[in-house]
Amino acid sequence: MPVSLCGTWDMVSNVNLEGYMIALGISLCTRKIALKLKHRKVIDQVGDRYVAKTLSTFRNYTFSFRVNEEFEEFTKGLDDRHCK
């Protein structure tokens, strides 16, 4: 990931986010809450790792990774998926 992607990013709009969440199997209640939130994404580089934070008034979520290195992620409290 190029360093130029580091910074703070605010969600301005979303297109078909609900359709995407339906495809992931996210519950109706969680979808309705997520659609009302304005997320902020903060991406930082710490040494050779990148730290990505998703911030909202409802819940914050953080994960980190190294470029070209596979990692596992559990999206606990978001959509509860195990990703690789």
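The numbered points below review a predicted model of one protein chain.

1. Confidence. The mean pLDDT of the protein chain is 86, and 94% of its residues reach 70 or more. Strand β1 (residues 7–10) has the highest confidence, with a mean of 94, while β5 has the lowest, with a mean of 82.

2. The β3–β4 pair. Strand β3 (residues 49–55) and β4 run antiparallel and are joined by six bridges.

3. Residue D10. This residue belongs to strand β1 and is partly exposed, at 46% relative accessibility. Apart from neighbours within four places in sequence, D10 is in contact with H39 and R40. With F65, by contrast, D10 has a C-alpha separation of 21 Å, the two residues being 55 apart along the chain.

4. The salt bridge of D10. Side chains of opposite charge can pair when their charged atoms come close. D10 forms such a salt bridge with R40, and the closest N and O atoms are 2.5 Å apart. Because D10 lies in strand β1 and R40 in strand β2 (residues 40–46), the pair ties together parts that are 30 residues apart in sequence. The two side chains also make a polar contact, likewise at 2.5 Å. R40 is partly exposed, with a relative accessible area of 38%.

5. Other salt bridges. The model has six salt bridges in total. In one of them, E18 pairs with K32, with the closest N and O atoms 3.1 Å apart. E18 lies in helix α1 and K32 in helix α2 (residues 28–36), so this pair ties together parts that are 14 residues apart in sequence. Both residues count as partly exposed, E18 at 24% relative accessibility and K32 at 41%. A further salt bridge links the side chains of E69 and R66, at 3.8 Å from N to O. E69 is partly exposed at 42%, and R66 is partly exposed at 28%. Salt bridges that share partners also join E18, R31 and K32 into one network.

6. Residue E73. This residue is located in strand β5 (residues 73–74). Is E73 buried or exposed? E73 counts as buried because its relative accessibility is 17%, and the cut-off for buried is under 20%. Its side chain is joined to that of Y61 by a polar contact of 2.4 Å. Leaving aside neighbours within four places in sequence, the contacts of E73 are Y61, F63, R81, H82 and C83.

7. Positive phi angles. N16 is not a glycine, yet has a positive phi of about 60°. N16 is in the loop between β1 and α1 (17–24) and is exposed, at 58% relative accessibility. N68, also a residue other than glycine, has a positive phi near 65°. The loop between β4 (61–66) and β5 holds N68, which is exposed at 82% relative accessibility.

8. Cysteines. How many disulfides does a search of the whole structure find? The search finds zero. C29 is exposed, with a relative accessible area of 54%, whereas C83 is partly exposed, at 21%. C83 is also one of the residues in contact with E73.

Definitions and conventions
Residues numbered from 1 in each chain as written. Predicted model: local features only at pLDDT ≥ 70, side-chain atom pairs only at ≥ 80, totals over all residues. Heavy atoms only, no water. Disulfide = S-S within 2.5 Å. Buried < 20%, exposed > 50% of the residue type's maximum accessible area, 1.4 Å probe, protein only. Helix = DSSP H or I, 4+ residues; strand = E, 2+ residues; numbered from the N terminus. Polar contact = N/O pair within 3.5 Å; in protein donor to acceptor, adjacent residues only side chain to side chain. Contact = heavy atoms within 4.5 Å. pLDDT = per-residue confidence, 0-100. Pairing = 2+ DSSP bridges. Salt bridge = Lys/Arg side-chain N within 4 Å of Asp/Glu carboxyl O.
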